[in-house]
Amino acid sequence: MALLERDARVLYSNVAAANLLGYSADDLTGQNFLELVHNEDSARAQSSFRECLKRPGLPVTAELRLRHGGGAWRSLEIVAVNRLNVPRFCAVVLSYSDVTDRRQTEDAKARLAAIVESSDDAIIGETLEGVITDWNLAAERLYGYTAEEAIGRSIRMTVPADRMGELGDDYMSRILRGERVDHLETVRLRKDATRLDVSITVSPIRDDHGNIIGLSKSSRDITERRRFEAELWRKNIELEIANRAKDTFLASMSHELRTPLNAIIGFTGTMLMKLPGQLTRDQERQLQLVQLNARHLLSLINDLLNLAKLQSGKAELQFEAVDCRAAAEEVAATLRPTAEAKGLALELALPGEECRVHTDRRSLVQILINLTTNAIKFTSAGGVRLEIERRPAGREGPRWIDFCVVDTGFGIRREDQARLFRAFQQFHPQGSEAEAGSGLGLHLSQRIAVLLGGKISALSEPGKGSAFTLTLPDK
C-alpha cells in the first residue's frame, strides 16, 4: 500500500509496496509516482489519477507499466481510492499487484492466436474425446464449415467412413504418450461431402502441469500435389513403354539398317574394281557417289545407334590393361591410307617405355579414330600427329595419360569452340572443302571418355591447326 499527495508524490509506502517496485520505503517516499510510469501509459495514468481525485471514495482501476528499481518495466494492476478530502490535504490510497507474468502470457497467447488465424494450414483444436474446440480461418476454407458450425461438434464429421480406423486406439495411444504424428497423408470430407487429400500433423496439448488435455491438428490440402504425382507416374509409365519400344527398335533395326547399306557398299566396291566388266567414266563417277553416300549414311546410323545406347545406359565396357602403343599403331594403320590419299603425313609420337592404361580397349580405339579422322578431314596440307604422354606423378591425386591428336589444319573459330562437344553440331572451317558429318562424333567421344573416367579437351586457332587431347586416369 502507498499514500499519494494531490501532486502524486509518494507520502508513505509500506515495505511490501516498495519492494514490489524494487525500492526501499525511504527511497520511494517523495518520488512522483506518475514519473515512474512508462511513456506509452502516461496519459492513461494521469487521467485515472484525476478521476480518482474527482470521485472521493470510489475506486479507480488501471493496469500500467512502471519502471522497476532494477531498470526493467513491470506491469502492475493498480487500485486507487481518494480516502481524504480536506481543503489543504488530499490522500490517495494505492494498492497494486505485479501482473507482468500474466501479461506476458496473455501477450504470447494473443500472438499465437494471430499466427494460428493467419496460417495457411487448417489448425484445429480437439478434446481427447474428439470434440472440436478451435477452428481457424484456414479450416473454414479447407473444410467448408464456419467456426460456429464446427466448434462443439465431433471431428468425425470430417472423416470418411472408410477412414474411421485411423482414429483408433493406436492413434490415441501415441498422443497420450506425448508423441507427435507427422504428415499423415489421408482423405477427409468437406461440408459438401466432397473428398480431399490432406497431410495432417497431430500434436498433444498440455496444461500448466504437463498433463495432456487435448490435441492440435494441422491439415494441408495436397490434392493438387497428388494429382501432379499421379500425372508424373503416368508419364513415367509412358516413358518406360517408349524406352522399351526404342530398345526393341534398336535391337532389331541395328541389323536391318546396316545390312542393306553394307550390301550397297560391297556391290559398288565390286563394280568399281571392274570385276563384272569395264565402266564408262560417268558410270564410275556415279558409283563412287553412291558408295560415298552409303558410307556416310552408315556412319550416321552407327552414330545414332551408339548415342541411343549411351543414353539408355546400355553401353558395355570391359576394363582391362591396354597397351597404349599398340592401340595407337592400330589407329595409324587404319587411317594412314586415308591420310596419304590426301597427301598428308600421319605420324606417331609414342613413349619409349611400355605404357599401359586400365580402360576399355574398343572405346579407346573408337575415340582415337574419331579424333584422328576429324583431323585428317579438316587438314588440307601438312600432317596429323598422334602423341601419347604419361604425366609425371604428383603428390596427390591420380596420374594421367594424355592421347593428343595434333593437326596443321584450318583450325576452329573461337565462337565455335564452346559448342564443340554438343550433339548434332556441325562445323565448316573457313577454307575447308570437307563435308561435315553427323555432328555426333565429338559428342559421342566425350560421353565415352567420361564413362572411362576421363575427358576430351581442345585447343585451336584459326589457320594454325587444332589439338584434341583425350585424358585418361593412369591406374
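Begin by selecting serine 199, which lies in strand 9 (residues 195-206); strands are DSSP runs of E with at least two residues, helices are runs of H or I with at least four, and both are numbered from the N terminus. The model is predicted: local features require pLDDT of at least 70 and side-chain atom pairs count only at pLDDT 80 or more, whereas totals for chains, interfaces and linings use all residues. Residues are numbered from 1 along each chain as its sequence is written, and side-chain values use heavy atoms, with hydrogens and water left out.

Serine 199 counts as buried because its relative accessibility is 11%; buried means under 20% relative accessible area, exposed over 50%, and partly exposed in between, with a 1.4 Å probe and protein chains only. Next, display its contacts (heavy atoms within 4.5 Å). Leaving aside residues up to four places away in sequence, serine 199 touches His183, Leu184, Glu185, Ser218, Ser219, Arg220 and Ile222.

Ser219 is one of the residues lining the second largest cavity, together with Ile124, Tyr143, Ile155, Thr158, Val159, Arg188, Ile200 and Lys217. A cavity is a set of points, on a 1 Å grid over the protein atoms alone, where a 1.4 Å probe fits but cannot get out; lining residues have an atom within 4 Å of a point. The volume of this cavity is about 50 Å³, a volume being the space filled by probe spheres set on the points, which are joined across faces, edges and corners. Its lining has five nonpolar, two polar and two charged residues; Ala, Val, Leu, Ile, Met, Phe, Trp, Tyr, Cys and Pro count as nonpolar, Asp, Glu, Lys and Arg as charged, and the others, Gly among them, as polar. The structure has three cavities of 30 Å³ or more.

Tryptophan 135 and tyrosine 145 form an edge-to-face pair, 6.4 Å centre to centre with 80° between the planes. Rings of Phe, Tyr and Trp (its six-membered ring) pair if their centres lie within 6.5 Å; planes under 30 degrees apart are stacked, over 60 edge-to-face, and the rest tilted.

Finally, select helix 13 (residues 441-451), where the buried residues include Leu442, Leu444 and Ile448. Just after this helix, glycine 453 takes a positive phi of about 90°.

How values were computed. 1 Å grid on protein atoms, 1.4 Å probe; cavity = no way out; pocket = protein on both sides within 12 Å on 5 of 7 lines; lining within 4 Å.
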